[in-house]
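Please consult the sequence and the structure shown here while reading.

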Amino acid sequence: MLCKINPRSSLSRFSFIILLVCVCPDNTSLSVLVDTKVVLACPPVSLENVLIIRWDINLRGKPSCSRAYRRDNNETSERNCTDERISWESRPDLNPALQIGPVATTHEGYYRCEVAAQEGNFGLGYHLQVSVPPEVTLFRGSNGSIVCRAAAGKPAAQISWTPPGDCHTVEQQLGNGAVTVQSTCQWEDGQVSNVSCSVSHVTGNKSLSLELKPDAQQLRHPGAPKLKIFIYSSHPCSLSLEKRKTHVFKPPFSNIHF
């Protein structure tokens with residue numbers, strides 16, 4: 001924004017104009033994946049006109065840290081900065097961007113770059129949030145239930161089932177924004193042979209499937225093993241093969257094993 005002021009001085013016969021460059025503070029929210037690298041840029045100001053560049057870093061539960069660069073004597077300084085994973089991306093006289101890597105959940109906080117230049121003061125801030133993918137598992141629970149668990153995700157994941165069943169979902173807060181979500185489902189006996197659990201998360205989606213154990217009704221099918229019993233007559237004259245009788249039995253119960 002350009003601000004013009006045209007005051008008239010009683011001590012001067014000339015009018016003059018004062019030009020001021022007014023820059024409003026700018027902030028943005030940024031979400032990054034854990035164990036990746038992120039680069040935070042300063043406001044786009046020509047480095048030839050820069051006087052001082054300073055990064056102010058405020059992490060949760062830690063004292064504020066600052067990194068500064070003075071162009072007049074080409075010197076850098078820092079205060080209360082102990083995390084070696086936070087540093088200048090390169091030489092600040094060439095690029096004053098800040099680098100964080102690998103990113104951890106402890107790096108969540110507010111980062112701000114302040115630039116003092118001949119044109120005025122400029123600022124750009126970042127509210128940094130770190131996303132963590134959940135660990136997804138699918139297993140059998142008690143009483144014939146199936147359990148889908150998305151553990152330690154940040155933020156919380158969402159769970160859906162195919163086909164839909166009689167489900168109950170609970171969340172466990174682990175601190176620092178991490179959440180474990182667990183969904184337990186049941187289906188009517190013999191109605192479903194395969195189920196799928198789909199987990200939706202900002203870091204990516206995942207789907208797992210599980211084949212349910214067939215019940216007794218499913219074992220009674222035409223392809224079941226056949227039991228052949230040969231019955232022979234006890235009369236000596238009827239021992240020829242042409243006289244033998246063959247009876248074929250199909251096992252009617254699932255507890256008969258072959």
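## Disulfides of the chain

Cys197 has a relative accessible area of 0% and is therefore buried (buried means under 20% relative accessible area, exposed over 50%, and partly exposed in between, with a 1.4 Å probe and protein chains only). Cys148 likewise counts as buried, because its relative accessibility is 0%. The model is predicted: local features need pLDDT of at least 70 and side-chain atom pairs pLDDT 80 or more, while totals for chains, interfaces and linings use all residues. Residues are numbered from 1 along each chain as its sequence is written, and side-chain values use heavy atoms, with hydrogens and water left out.

A search of the whole structure finds 4 disulfides, a disulfide being a pair of cysteine sulfur atoms within 2.5 Å. Three of these links are among those listed below.

| Pair | S to S distance | Torsion about the S-S bond |
|---|---|---|
| Cys42 and Cys113 | 2.0 Å | about 95° |
| Cys65 and Cys81 | 1.8 Å | 90° |
| Cys148 and Cys197 | 1.7 Å | about -50° |

The disulfide of Cys148 and Cys197 is left-handed, because its torsion is about -50°. Cys148 lies in strand β13 (residues 146-153) and Cys197 in strand β17 (residues 194-200), so the pair ties together parts 49 residues apart in sequence. Strands (E, at least two residues) and helices (H or I, at least four) are DSSP runs numbered from the N terminus.

The link of Cys65 and Cys81 is right-handed, and both cysteines are buried. Cys42 and Cys113 are buried as well. Counting bonded cysteines along the chain, the disulfides follow the pattern 1-4, 2-3, 5-8, 6-7.
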